[in-house]
Amino acid sequence: MSNKDLPSHDFYQSLTHLTLSVYMKGYGVEGIKDNVKVEFDTRKITINLPALPSSPGAEGRTINFEPLYDGIDTEGSTYRVLNTKIEIKLLKINPINWPSLLSDANSNSLPAGPSSSSSSQTTTTAPAPAPVEATPTATATMESKKKEKKNWDKVLEDELVEDQSDDKDPNSGGDTALQKFFSQIYGNADPDTRRAMIKSFTESGGTTLSTDWSNIGKERTPVRPPEGMEEKKL
C-alpha cells in the first residue's frame with residue numbers, strides 16, 4: 001500500500017510521544033473492536049482490520065504505516081479503537097519533533113538513538129549527520145512552520161464526541177480528563193489561540209470554549225447554558 005492509498009489520518013506530538021489518529025468508521029462497535037489489532041515494529045505500524053458485517057462479501061485488510069520518520073519503543077506504544085477512528089500513541093526512542101509521520105521510502109537508515117531493549121534484532125545505527133548552519137532560507141521556512149495553526153476546534157470536538165460516546169469507566173474521565181485535555185491544547189497553542197480560549201471561557205461563564213481569535217476577538221462571547229436550563233443574571 002503506497003502512502004497515497006492510506007486512510008485519512010493526522011497526528012500531534014510532544015518530544016516524547018506522537019499520537020496518530022486514523023479515521024475509520026465501523027470498527028468501534030462491540031464484537032468488532034476486539035478483533036482490530038495494531039502491531040508495532042521499530043519503524044513500522046501494522047493495523048489488521050477484520051471484515052465488517054455491514055459490508056457483505058468484504059474481507060479484512062491490513063494497513064501499514066512505514067517507514068516511520070524515526071524509531072519507536074514497541075513496548076511503550078499503545079492504541080485504542082474508537083467509534084470514528086483508531087488512536088495510536090507512539091513512544092519515541094529519540095526526544096525530537098518529527099517533521100512528518102513517515103520518512104523517505106528510499107531511505108533505510110535509522111536516525112541515531114538507543115534501540116528498544118525488548119527487540120531481539122540487532123539494528124545498525126547510522127552516524128548522526130553533521131550540524132547544518134541555519135541559512136536565511138531555512139530560517140524563513142522555520143518561521144513559516146511556526147505560523148501554521150492546528151485546527152484545535154476540530155481536535156476538541158472530535159475528542160469530546162469520543163469521550164461521550166465510548167463505553168468507559170465513569171470514574172476515569174469527567175472533569176479531570178477534560179481539564180487535562182484543555183491543558184494540553186493550551187500548552188501547545190499560539191498566543192492568539194490562548195487569548196481566544198481564555199476570553200470565550202471567561203465571558204461565557206464556562207459554557208463556550210473557542211480557539212478562533214478572529215471571531216472571538218470581535219465581540220463578547222454570549223452565555224450558552226445547556227439544553228433545558230436558562231441563564232439567571234445576579
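Strand β1 (residues 9-13) is joined to β2 by five bridges, and the two strands run antiparallel; strands here are DSSP runs of E of at least two residues, helices are runs of H or I of at least four, both numbered from the N terminus, and two strands pair if DSSP finds at least two bridges between them. The model is predicted, so local features need pLDDT of at least 70 and side-chain atom pairs count only at pLDDT 80 or more, whereas totals for chains, interfaces and linings use all residues. Residues are numbered from 1 along each chain as its sequence is written, and side-chain values use heavy atoms, without hydrogens or water.

The largest nonpolar core comprises 25 residues. Such a core is a set of buried Ala, Val, Leu, Ile, Met, Phe, Trp, Tyr and Cys residues joined through side-chain atoms within 4.5 Å; buried means under 20% relative accessible area, exposed over 50%, and partly exposed in between, with a 1.4 Å probe and protein chains only. Ile45, Ile47, Phe65, Leu68, Ile86 and Ile88 have the most contacts inside this core. At least two core residues come from each of β2 (17-23), β3 (37-41), β4 (44-49), β5 (61-65), β6 (72-81) and β7 (85-92). In soluble globular proteins, nonpolar side chains tend to be buried together. Leaving aside residues up to four places away in sequence, Ile88 touches, among others, Leu18, Val38, Phe40, Ile45 and Tyr79, contact being heavy atoms within 4.5 Å.

Two aromatic pairs are counted, where rings of Phe, Tyr and Trp (its six-membered ring) pair if their centres lie within 6.5 Å, and planes under 30 degrees apart count as stacked, over 60 as edge-to-face and the rest as tilted. The rings of Phe40 and Tyr79 have centres 6.5 Å apart and planes at 55 degrees, so this pair is tilted. Phe40 belongs to strand β3 and Tyr79 to strand β6, 39 residues apart. Tyr79 is partly exposed because its relative accessibility is 32%. Tyr69 and Trp98 also form a tilted pair, at 6.2 Å centre to centre and 45 degrees between the planes. Tyr69 lies in the loop between β5 and β6 and Trp98 in the loop between β7 and α1 (136-147), so the pair ties together parts 29 residues apart in sequence. Trp98, at 4% relative accessibility, counts as buried, whereas Tyr69, at 28%, counts as partly exposed.
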